[in-house]
Each structure stands twice: as C-alpha cells, then as structure tokens.
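Subject: Structure for your review

Dear colleague,

Please find below the structure that I am handing over to you, followed by a summary of what was found in it. I would be grateful if you kept the sequence and the structure open while reading.

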Amino acid sequence: MPEPFYVTTAINYPNGRPHIGHAYEAIAADVIARFHRWMGREVRFQTGTDEHGLKMARKAADEGRTPRDLADEMSGHFREMGAVLEIEYERFIRTVEPAHHRASQALWRAMETAGDLYLGRYEGWYSVRDEAYYDESELIPGEGGGRLSPQGTPVEWTVEESWFFRLSAYQDRVLQLLRRPGFCEPESRRNEMIAFVSGGLKDLSISRTSFDWGVPVPGSNGHVMYVWVDALTNYLTGLGYPDDTPEMRRFWPAALHLVGKDIVRFHAVYWPAFLMSAGLPVPQKVFGHGFILNRGEKESKSVGNVTDPIALAERFGTGNLRFFLMREVAFGHDGSYSPEAIVARCNAELANSFGNLVQRTLSMVHKNLNGTVQNYSSLSADDALLEQVRRACKDTLPAAFHELSFNQGIEVWIQAVWACNRYVDEQAPWALRKSDPERMTAVLMTLFRTLRDLAMAIQPVIPREAGQVLDMLGVPSATRRHSDFDADWFSPLVRTSHVIEAPVPVFPRLELAADAAA
Ligand code: MSP
C-alpha cells in the first residue's frame, strides 16, 4: 500500500481575480504533489476558495451585488488559473458548499462539547483585509497618527457579542508542538510563532454578530462563525468530515499545509488548538513560503503593478513560469519576478541548455543514425557522464525536493544538463560521423540515455514539457516514475526498432522585444 500524502494550499479569498502570489502557492503545491506521486505515494491535493467573511461581504456591497454572486464569479477565475497552470488537484473546495457548512458546524460542536467555547463580548481591533484580530500591542504606527495591523493593513475598533474559544488553555500544548522538529518551517517562521505563543495566548473571538455572511453558529441565532474557523475546517471537509470516511482515515492528519508567511499563525497556532480541542490529530507540517514581489515591490491596485498570472502564463508559457518560480526563489524566502528575469532564466536554462541538448541529440540520432536506437560499447567518459546524471536525477534532486529545497534540486539538475552539453562539445559527435561512426553511436546513445533521466526528474516542475521529451524518446508512460529509474527501457527500444523522429522544439527561445510590443 503506498504511503498517503495529503497536501493543501491556503484557500484563496475570491474578492478579486487571482494574483501572482496565488499562482506561486498553487504551483509550489502542485510540484510537491506531483513529486510525491512520482515517488510512489498516494497523494491527495486540495485547494479552493475561502468565500465567507466581512472582506467578501464588503467587496460585494461596494459592487452592488451579493457576496454569493461575487464568489461564484471569482472562484471560477481561480479554477481557470488552476487549469492554465496545470495544477492537478484531487479536490477544489468552495466554503459555500453545504458539506462545508456541515463540517464546520460539526467541528464547532466538538469544541463546544470539549468545554472550550463560551459566550462573551469582543472589544478590540480587527483588520478586515487580514480578517484578523490584533492586540493593541501588535499595532504599528500608520500615516497621520493612525494605527495599522502588523501587516500594514487598516484596523477598526470592534465591539460585539461573540463566542470565544479558550485558546489560552492550549498555550503549553501548542508550544510543545511548535518545538517538535519539522512541524513548523522554515525555522524563521517557527521562531516567530514560538515568540508569539510564549508571549501568552488570549482567548480568541470566533463568531460575529454584525453581519451574516458566514456559516451559522449551531444553536446560536444571529451568530456566524469567524471566517477563519470555517476556512481552516476546509482541510477536513474535503475528506468527508464529520463522517468516518475512507479519505478521513487515510489522509488525516495532513502531511503538509502549504501557506504564505502571513498566515502561519492561523495554521500553526489556532488550527492545532482547534483540532486538539475537537480530539483530532494535528497536521504533520505547516510550511510558510515567502512572498513573490513584482520587481521587488508588493503588487497592489494603487501602485498599478498587478499582473494577471493567467496572462503571464499565456505570454511566457506555463512551463516557463513554473520553472522560473521554482528555480529563481529559495523556497521559504521572498523572491522577485519581472519579464526580463523570466526571459533570462528560461532562455539560459531551458531554451539554450536543456532544450538545446534535446534538440541537438535527437536531431543527430534522427539524421546520423536514421532515427534508430542502437546498442553500443561505452568508454569511461560515457559511463562517468551517465553516472553523474543518474545520481543528480535519481538521488540528489529528489532529496532536495523532499526537503522543499526546489531551487537546490533544480540547480543540481541544471548542472547535470551543463555536463551533458560540455560532453557534446568535447566529443563533437558530428565530426565522428565519417571518422569513427561507432564512436559517434556511443556518444549519441549516451546522450540519449541522459535525456531520459533528465526529463524524468524534472516532470514535477514542467510536467507537459518533460512528458513531450519522454514521448519523443519513446519512454512508455507506464515507466516514468522514480521507481523506474533502473528499469531497462533502452533494450526494448533497440529490439523493437523504435524510430526517433526529427524533434519538435519543446523549449522555444523567449523574446523580450515581442513581449514589450504585446
Ligand atoms: N483565505 C485566507 C487563507 C485561508 S486558509 C484556511 C487567505 N487568502 S488570500 O487569498 O489572502 O491568500 C491566499 C494565499 O496566498 C496565502 O497563503 C497567502 O500567503 C498567499 N499570498 C498572498 N500574496 C502573496 C504573494 N505576493 N506571494 C506569495 N504568496 C502570497 O489568506
């Protein structure tokens, strides 16, 4: 039985269209999901939209429509983004689904039964933009003497009757959890959380009475749940909670909640406390990735630098965008993108390096060997290259991806590509055609074999392009998993006289000039 692996993204607020940050998280989670499937695990990947709360209600009111109408439209754009970015999830959840209301109410009841809920009155600061309560001491000075949330968003003084969750009672247990190696990463986020919890946890207001766009609190007229309570529950809803389903048994607790650094507190502090209260196991890992900036700046409507990730993928190609984001940014840190950086990186490493290697090798096999795959006798230089590539693709890249160090894994991969390109230049197979055709065959077949390993390993990052390369090589789709590395795929191609066609370019060069005109 393969080991189960449940990975989730944050569910996005559909108060507007998706932006690059949403795309980044979706791509990273998809790379993780595909990587684990490739490693032979049974993966369940969930993403979706977080549709309740004051932010949605106000945005809809501003536009003179119902929140449901706004959510329906925008949630559609998030789905569309998933399709364009080749995000392969098992479940896209919307928090307006009846099943989700039922799950949220069941979790509420479980916390109530545990004696952790009580009715009170909230008086304090609230940021609608963050959908978060802040303690006075956390606020930072804003312009004109006003105060802002630690995220720099406006806060408003809020007074209302509210249900509270006895978060204070969980301080020690949450602290212990945060100290568990691997639970909260990266280290910087974990330290932040430890400091936050060590400073003392206050009970949390978990219902609202001043508006009604949310999941009704069971048995408490006029109260809707604080949006984060229902939002976090989505991870359980998707598995069929509160029913005892095969999915719940197989995939809970989640292996990984992938979220941005701004919402680690909700996932690594509040969420485990809710789960402990309800008697459910806590997730194995919460990872807070960094932010993607546009030329070093946060995207915002007022600055006018908001880029539609769907348009970006259409302009540069989904594979290029995915490769760029995973390669350029050290996962866990902030990173920056610009058209120039995307073009420079993708041209240097995909078009001019891997793409060129594929193109040259397959063209020569097609032309000089009549497209035939042949047995050959190797020299030590050939074996050394194959060994280096095999090690990078089979061992080093997977070990790095396992640790979520995508840029390091891809670095090792590109080093292997470069080693192949150097080998082509040194061996100059084109010059061997007349002088030593046997040696030419050995060189081309060595390269042919390295291409398979390189394409195999990069599948999680650029699934479509890697698949195209494997198709051109003739590698059967049933033998493209990590466990197939040492399988003999080569001899069958020799035996069956498989023919290599003239290659179609998979990684065309990107042009900035054409882009600027667009
Ligand atoms: N709805 C909440 C999450 C609820 S999860 C139970 C939310 N939504 S969000 O739409 O504001 O953000 C969704 C995800 O995108 C979050 O993980 C957030 O950190 C991430 N990002 C938002 N802007 C980002 C960047 N500029 N860069 C990278 N990720 C960023 O928070």
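This is a predicted model: local features need pLDDT of at least 70, side-chain atom pairs count only at pLDDT 80 or more; totals for chains, interfaces and linings use all residues.

Strand E4 (residues 117-127) and strand E8 (residues 156-165) run antiparallel and are joined by 10 bridges.

E4 and E8 belong to an open sheet of 4 strands, which has the order E5-E4-E8-E10 and antiparallel pairing. Strand E5 (132-134) and strand E10 (204-205) each have a single partner strand, so one side of each lacks a neighbour in the sheet. In the loop between E4 and E5 lies Glu-131. This residue is not a glycine, yet its phi is positive, at about 50°. As background, most residues other than glycine have a negative phi, and most peptide bonds are trans.

Another open sheet has 6 strands in the order E3-E2-E1-E13-E14-E9, and its pairing is parallel. Its edge strands are strand E3 (91-94) and strand E9 (184-185), each of which pairs on one side only. Within this sheet, 4 bridges connect strand E13 (residues 256-260) with strand E14 (residues 286-289) in the parallel sense. Here Val-259 has Gly-288 in E14 as its bridge partner. In general, the strands of a sheet pair through backbone hydrogen bonds, either parallel or antiparallel.

Helices also lie across these strands. Helix H7 (residues 227-237) lies across strand E1 (4-9), strand E2 (42-49), E3 and E13, and runs at about 155° to E1. Helix H9 (residues 264-278) lies across E9, E13 and E14, at about 140° to E13.

Helix pairs

How do helix H2 (residues 54-62) and helix H3 (residues 67-84) cross? Their axes come within 8 Å and cross at roughly 100°; H2 and H3 are therefore roughly perpendicular to each other. Met-56, Ala-57, Lys-59 and Ala-60 in H2 meet Pro-67, Leu-70 and Ala-71 in H3. By class, this contact has 6 nonpolar residues, no polar ones and 1 charged residue.

For helix H11 (residues 318-328) and helix H12 (residues 339-368), the axes come within 10 Å and cross at roughly 95°. That angle makes H11 roughly perpendicular to H12. The residues of H11 that take part are Asn-320, Leu-321, Phe-323, Phe-324, Arg-327 and Glu-328, and they meet Ala-341, Ile-342, Arg-345, Cys-346, Glu-349 and Leu-350 in H12. The contact of H11 with H12 has 7 nonpolar, 1 polar and 4 charged residues.

The ligand

Which of the 24 residues around the ligand come nearest? They are Ile-11, Glu-25, Asp-50, Gly-260 and Asp-262. Ile-11 places a backbone N or O atom 2.8 Å from a nitrogen atom of the ligand. A polar side-chain atom of Glu-25 is 2.5 Å from an oxygen atom of the ligand. In the side chain of His-22, an N or O atom lies 2.9 Å from an oxygen atom of the ligand.

Two cis peptide bonds

The peptide bond from Glu-185 to Pro-186 is cis, with omega near -5°. Pro-186 is found in the loop between E9 and helix H6 (187-198). The bond from Tyr-241 to Pro-242 is also cis, and its omega is near 10°; Pro-242 sits in the loop between H7 and helix H8 (246-251).

Yours sincerely

Methods. Residues are numbered from 1 along each chain as its sequence is written. Side-chain values use heavy atoms; hydrogens and water are left out. Axes are lines fitted to C-alpha atoms, for helices over the stretch in contact, and angles run from 0 to 180 degrees between N-to-C directions. Helices (H or I, at least four residues) and strands (E, at least two) are DSSP runs, numbered from the N terminus. Angles under 35 degrees count as roughly parallel, over 145 as roughly antiparallel, 65 to 115 as roughly perpendicular and the rest as oblique. Contact means heavy atoms within 4.5 Å. Ala, Val, Leu, Ile, Met, Phe, Trp, Tyr, Cys and Pro count as nonpolar, Asp, Glu, Lys and Arg as charged, and the others, Gly among them, as polar. Two strands pair if DSSP finds at least two bridges between them. A residue is near a molecule or strand if one of its heavy atoms lies within 4 Å of it. A polar contact is a pair of N or O atoms within 3.5 Å; within protein, one must be able to donate a hydrogen and the other to accept it, and residues adjacent in sequence count only if both atoms are side-chain atoms.
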